[in-house]
2 protein chains.
Amino acid sequence: MINIDWKPDKNLNKPLYIQIVEYFKEKINGGEWQVGFMIPTQRELAKIFNVNRSTIVSAIDELKAEGILEGKGKGGTKIVNNVSPLLSNIQPDWKSYIDEGIHIPNVKTIKKINTLEFREDYIRLSTGEPSSELFPKEDMKIILNEVAKDMDNLGYESPSGTMYLRQQVSNYLKTIGIYASPGSILIVSGALQAMQLISMGLLQKGSTVLLENPSYMYSLQIFQSLDMRRSGIPMDNEGVMANLIPDYIKKHVPSILYTIPNFQNPTSIVMSEKRRKELIKVCQKEKLPIIEDDVYRELWIDAPPPDPIKSIDTNGLVLYVGSVSKTLCPGLRIGWIVGPEPVIERLGDIKMQTDYGSSSLSQLTVGKWLETGLYENHLKEIRSQLTIRRDVTINALNRYFKDIATWEIPSGGYYVWITLKYKIGMYKLFDEACKMGILLYPGYIYDANFNNSLRISFSYAPIEELEEGLLKLSLLIKELVRR
Amino acid sequence: MINIDWKPDKNLNKPLYIQIVEYFKEKINGGEWQVGFMIPTQRELAKIFNVNRSTIVSAIDELKAEGILEGKGKGGTKIVNNVSPLLSNIQPDWKSYIDEGIHIPNVKTIKKINTLEFREDYIRLSTGEPSSELFPKEDMKIILNEVAKDMDNLGYESPSGTMYLRQQVSNYLKTIGIYASPGSILIVSGALQAMQLISMGLLQKGSTVLLENPSYMYSLQIFQSLDMRRSGIPMDNEGVMANLIPDYIKKHVPSILYTIPNFQNPTSIVMSEKRRKELIKVCQKEKLPIIEDDVYRELWIDAPPPDPIKSIDTNGLVLYVGSVSKTLCPGLRIGWIVGPEPVIERLGDIKMQTDYGSSSLSQLTVGKWLETGLYENHLKEIRSQLTIRRDVTINALNRYFKDIATWEIPSGGYYVWITLKYKIGMYKLFDEACKMGILLYPGYIYDANFNNSLRISFSYAPIEELEEGLLKLSLLIKELVRR
């Protein structure tokens, strides 16, 4: 795919189609666009450049005449030549490099969501991050002023994290029942990096990861990208069904279990206290380590969730993962892993080789939020805002979705997991919703079994768009049911 | 290895050895320290806890009597049991997880340097980062105030980088002869992450990377960790010997060439303009892509270096890598890759799966530095400071090293590459220097062929320590020659 962030200038004294021809040549000549890659369709180009279709036709004809583009119809138009014919066979075959790299690319629907999520004109019922309305702008200013005052240098820090932030995180963890010294805490660039480091540092290729089904898409992706197998265990309303684990272990010989015990992504299920005890007991017996992804813990609406599994882990069985991405803002890219020191040291070693540690500026900023108590205050505020958003969403669902779907009311977190009463093509629904300007996460990106479900996030879109989006979506679904 | 960040309290009404026993139990019981791992020697423990050796002996005897520790003498003392006997065989075998992960750990000397580099009491002739004396504290305050004013949200950004920073980098690149649109720029968390992404996204396991010999240790490490082969090409005083490349291609069938053309790490050699042209010509002919690691470019002392290889690349052959880590501060963790758009898109896709993008706060901060022109001002300042540091270093070498070593005077960058006239054991030198409190990079970490060389950085240590460190080091070397 080619990205175009330019438009021809209608005020210039030069025909638009010539401007476009020159733009193409510059891109291809500079090597930014490579031989063999497809260009967008004429219709797409007309939209991107904001010109008539006929202008595009003229430009493409010219480029074809010069031997720069080739092809048409279903196969599309592709770049065939460099502007200078002498250079035409000099380019490295980047396409084969891309196809053959170690890392497996993101799947198509996810890529599409990722691209569209940066478009302002969509109603984003998809996005799992706090709305800009929830961003604590004034407090962040206060914190940044503190940061500016205290900052003597921003040198390379220990790749495992600054001692200052690790100490602050250690203090914070005590408030949720986890006693961890700074040496057993690794600072990471978000929970996703935690999964990446754990996968690279502790698991072998072909290892099996046990996890809830459905589970967080990007964690799934990381395991998949690094050639891990995944085996999904069903959940009931108390969380993952721990009693099934011994059977899964016999069948799949897993290396680790991955769980999101609080306001699970995407189902919003909270694991009960009883289930947590059952889970740790069975995993202890089987010596199966646990990754506890607890990034939603603080986002409770009705009542605080049970203590972390880590808090009842007396054997270093649990790698506990937390972050400020869901509570404060994702852009700081700060999270943490708590675990046995040799494990933390090993992961820190890979972290060093991956990015030489997380941004010191971000670390200092998060440390200040924790130390000053402004973080605790902000959590109260975000909880009350999420309560409003959850209630608006459930009301809208009651009004528009009662006949066509079922759902549980989430007691915290960001998501409502909706299951349709009728079988409609979910790929179709996703595509049609996109066309209407509504983004959502269809169930099939989690697992083929959830082809009749979808995840709605109430954390991101402005409140009026939540309502509007759900209304439009319900009409679309009813329309698809009718067809 | 076990980390200890605690000391017994001499004011407490409890014997020190009992405090130590309780500390060990707490660590082991909580799972932070695992069965099978070694504890430090008695001498080390005495130092760490700041107590007499006899106190350590009492504590260890007690722990052995309780069946928690085992062993002594050469094999060392290790943790054998959990405090609660019932739990003893519940722990997962983390050691085997660590040993069998995909990623290959850092080699021993490098690990030692990494650990010691965070100790304040060493003279660090090793560290390749700007001294805190060079940190632009006042201007950073101005910038952070601007950042605080402008900041509306710190949400997830495009994983490829914020459009704002990519535009600023695009503008900056023009000043060094590179014309790249924002779409062909990927923001990364430092140049090291660039290498990681390129390796994971474009190279197959077992691929061969051609590079200068010697070359940047951490890039070497990344290639090695991801199972790439490396093949080093010799350099002369104009840079890597491009005329040898066709032979190397025949022999090793490399996938890519990695070069640091300016103030090369560790040799400080600058590739001549003629050699750059020769290099691009031969790589074009062989269709061999180039990674141009140009993080030292702006740190010229005597005269600006020739234009980047990327500036004479008309075919998208070169992936150009830059960063502010060496010029401004490493703690922001911001760098960039410039390349053909499909390549950038692929790398952005992996970046997304790795850490979901670099810190937005850091990106905004670096964007402001570039936009306001304060970056350009700061570069002038750092150049004049580096001139002083280079001159002090060369003067000290002339005084102390004339009889025992040779070197070229660097025309920029951070390093002097010193080759000893006499064969002494370099492992010995490294260890003895460590004991004297001096850190340096021995040549053997780059390649066994450079067992008689060492890299001295003049960027980091306070100026008086540069002098002192070099004097002491020269005395040590003379002593080792005499032995």
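Biologist: What joins the side chains of B:S358 and B:K351?

Modeller: This is a predicted model, in which local features need pLDDT of at least 70 and side-chain atom pairs count only at pLDDT 80 or more, while totals for chains, interfaces and linings use all residues; side-chain values use heavy atoms, without hydrogens and water. Residues are numbered from 1 along each chain as its sequence is written, with chains lettered from A and ligands numbered from 1 in the order of writing. The side chains of B:S358 and B:K351 are joined by a polar contact of 2.8 Å, and the term applies because a pair of N or O atoms within 3.5 Å is asked for (within protein, one able to donate a hydrogen and the other to accept it, and residues adjacent in sequence counting only through side-chain atoms on both sides).

Biologist: Where does B:S358 lie, and is B:S358 buried or exposed?

Modeller: B:S358 sits in the loop between helix 12 and helix 13 of chain B, where helices (H or I, at least four residues) are DSSP runs numbered from the N terminus. The relative accessible area of B:S358 is 4%, and buried means under 20%, exposed over 50% and partly exposed in between (1.4 Å probe, protein chains only), so B:S358 counts as buried.

Biologist: Which residues does B:S358 touch beyond those up to four places away in sequence?

Modeller: Taking contact as heavy atoms within 4.5 Å, B:S358 touches residues including B:I187, B:V188, B:Q193, B:K351 and B:Q363, and among them is also A:R333 of the other chain.

Biologist: How do you know that A:K351 and A:D355 meet in a salt bridge?

Modeller: Their side chains come to 3.0 Å, N to O, and a salt bridge requires a side-chain nitrogen of Lys or Arg within 4 Å of a carboxyl oxygen of Asp or Glu, so the pair qualifies. Both residues belong to helix 12 (residues 341–355) of chain A, 4 residues apart, or about one turn of the helix. A:K351, at 0% relative accessible area, is buried, and A:D355, at 1%, is buried as well.

Biologist: What is the accessibility of A:E273 and of A:K277?

Modeller: A:E273 has a relative accessible area of 48% and is partly exposed, and A:K277, at 45%, is partly exposed too. Their side chains meet in a salt bridge of 3.4 Å, N to O, and the two residues are about one helical turn from each other because they stand 4 residues apart in helix 11 (residues 273–286) of chain A. Over all chains, the search of the whole structure gives 44 salt bridges, and A:D236, A:R275 and A:E278 are linked in a network of such bridges.

Biologist: How many salt bridges cross the interface of chain B and chain A, and how many residue pairs there are in polar contact?

Modeller: The rule finds 2 salt bridges across the interface, and one bridge between the chains is that of A:E341 and B:K27, at 3.3 Å, N to O. Between chain B and chain A there are 13 residue pairs in polar contact, both partners at pLDDT 80 or more. Among the helices of chain B that each supply at least two residues to the side touching chain A are helix 1 (16–29), helix 6 (137–150) and helix 13 (360–372), while helix 12 of chain B gives the largest share, 11 residues. That side of chain B divides into 48 nonpolar, 45 polar and 21 charged residues.

Biologist: How much area do chain B and chain A bury between them?

Modeller: They bury about 9900 Å², 57% of it on carbon and sulfur atoms, where buried area is the accessible area (1.4 Å probe) lost on putting two parts together, summed over both. The contact draws 114 residues from chain B and 114 residues from chain A.

Biologist: What rotation superposes chain B on chain A, and why is the relation called two-fold?

Modeller: A rotation of 180°, with 0.0 Å of shift along its axis, superposes chain B on chain A at an RMSD of 0.1 Å, using least squares on the C-alpha atoms of residues with pLDDT of at least 70 in both copies. Such a rotation is the relation of a two-fold axis, which is why the name applies. The same surface serves both copies, with 100% of the contact residues of chain B recurring in chain A.

Conventions:
Nonpolar A, V, L, I, M, F, W, Y, C, P; charged D, E, K, R; others polar.
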